[in-house]
Amino acid sequence: MEFKNKTAIITGASKGIGKAIATALAKEGVHLGLISRSAADLEELQNSLRSQYSVHVHIASADVSNRVEAESAVQNLYKELGSIDILINNAGIAKFATLLDMDPSEWERIIQVNLMGTYYISRAALPYMLNQNSGNIINVASTAGERGFATGSAYCASKFALLGLTESLLQEVRKSNIRVVALTPSTVNTELAANAGLKIGDEDRMMQPEDVAELALATLRLPERVFVKTAGIWTTNPQ
Ligand SMILES: NC(=O)c1ccc[n+]([C@@H]2O[C@H](COP(=O)([O-])OP(=O)(O)OC[C@H]3O[C@@H](n4cnc5c(N)ncnc54)[C@H](OP(=O)(O)O)[C@@H]3O)[C@@H](O)[C@H]2O)c1
């Protein structure tokens with residue numbers, strides 16, 4: 001697809017992978033609608049992207065795990081942008097503990113943000129794409145959606161479910177020219193990974209958010225008659 005003057009909504013846009021994808025799309029001339037909870041972080045990114053790349057950048061502070069907030073964020077951003085060509089479902093949280101050690105409220109919160117948040121945002125954006133008879137949805141899953149591990153029951157369950165949602169949705173909407181893609185990165189150097197205690201190596205040996213953004217744009221750049229169903233990206237030689 002051609003990027004110039006297209007529109008994109010990105011969740012979890014204020015940090016890490018979401019911020020890197022927002023920046024990469026702005027560089028290509030895509031007008032943006034950015035969602036995360038912290039309004040201050042969103043405003044800072046909005047100012048920097050507007051001044052650097054002269055694209056329209058609209059923001060909506062919302063918790064994607066809250067259906068009312070998610071729906072109103074998408075509706076308000078659509079009103080500003082006038083279309084939704086690209087939706088990046090990226091907002092996510094991670095915490096690792098054994099099934100018994102993790103408090104049920106934390107276990108539920110991971111499912112609520114990573115899975116239900118993606119469902120609420122997609123459900124709000126999809127009617128606009130169906131009406132346009134075109135669109136692109138990228139769901140940021142994880143290698144944790146392909147392989148379970150001890151202490152990962154909540155996070156893996158959320159990401160396995162996200163892959164099931166992605167594959168089912170793509171079968172529903174491909175006839176409307178909507179491409180639905182899942183990305184499955186291994187550990188990326190972000191606050192999420194550092195706070196969850198994942199091992200972060202030196203920059204030249206460790207996947208960076210900009211690398212995932214490059215993969216996201218590469219999948220979008222393909223001719224619209226094709227799509228990548230699932231794309232994994234790993235650090236080549238982790239420390
Ligand atoms: N880092 C990794 O190793 C890795 C690997 C594979 C997949 N992933 C996935 O990649 C995605 C992005 O992760 P990241 O590493 O870039 O994380 P990050 O640096 O912690 O950034 C997360 C972003 O999501 C937002 N967010 C969190 N909870 C939210 C909520 N309830 N509603 C709205 N926004 C919310 C945060 O902003 P606020 O806090 O202001 O809301 C922030 O903008 C996640 O889905 C994660 O599971 C990460």
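Two residues are in contact if their C-beta atoms, placed from the backbone, lie within 7 Å. The structure is a predicted model, in which local features need pLDDT of at least 70, side-chain atom pairs count only at pLDDT 80 or more, and totals for chains, interfaces and linings use all residues. Residues are numbered from 1 along each chain as its sequence is written.

**Exercise 1. State which residues isoleucine 10 contacts, and describe the core to which it belongs.**

Step 1. Neighbours within four places in sequence are set aside; isoleucine 10 is then in contact with Gly18, Ile21, Ala22, Leu32, Leu34, Ile35, Ile88 and Asn90.

Step 2. A nonpolar core is a set of buried Ala, Val, Leu, Ile, Met, Phe, Trp, Tyr and Cys residues joined through C-beta atoms within 7 Å. A residue is buried if 20 or more other C-beta atoms lie within 10 Å of its own, exposed if 12 or fewer, and partly exposed in between.

Step 3. The largest nonpolar core has 63 residues, and Ile10, Ala22, Leu32, Leu34 and Ala125 have the most contacts inside it. Helix H4 (residues 104–132) gives the most to this core, with ten residues.

**Exercise 2. Describe how helices H1 and H2 pack.**

Step 1. Helices are DSSP runs (H or I, at least four residues), numbered from the N terminus. H1 covers residues 16–27 and H2 residues 39–53.

Step 2. The angle between H1 and H2 is about 25°, and their axes are 10 Å apart. H1 is therefore roughly parallel to H2, a term for angles under 35 degrees. Axes are lines fitted to C-alpha atoms over the stretch in contact, and angles run from 0 to 180 degrees between N-to-C directions.

Step 3. On the H1 side, the contact is made by Lys19, Ala22, Thr23, Ala26 and Lys27; on the H2 side, by Leu45, Leu49 and Tyr53.

**Exercise 3. Describe how H3 and H4 pack.**

Step 1. Helix H3 (residues 67–81) packs with H4 at an angle of about 35°, and their axes are 9 Å apart.

Step 2. Arg67, Ala70, Glu71, Val74, Gln75 and Tyr78 of H3 meet Gly117, Tyr120, Ile121, Ala124, Ala125 and Tyr128 of H4.

**Exercise 4. Determine whether methionine 116 is buried, partly exposed or exposed, and locate it.**

Step 1. Methionine 116 lies in helix H4.

Step 2. Methionine 116 has 18 other C-beta atoms within 10 Å, so it is partly exposed.

Step 3. Not counting residues up to four places away in sequence, methionine 116 touches Ser65 and Ile111.

Technical notes:
Helices (H or I, at least four residues) and strands (E, at least two) are DSSP runs, numbered from the N terminus. Angles under 35 degrees count as roughly parallel, over 145 as roughly antiparallel, 65 to 115 as roughly perpendicular and the rest as oblique.
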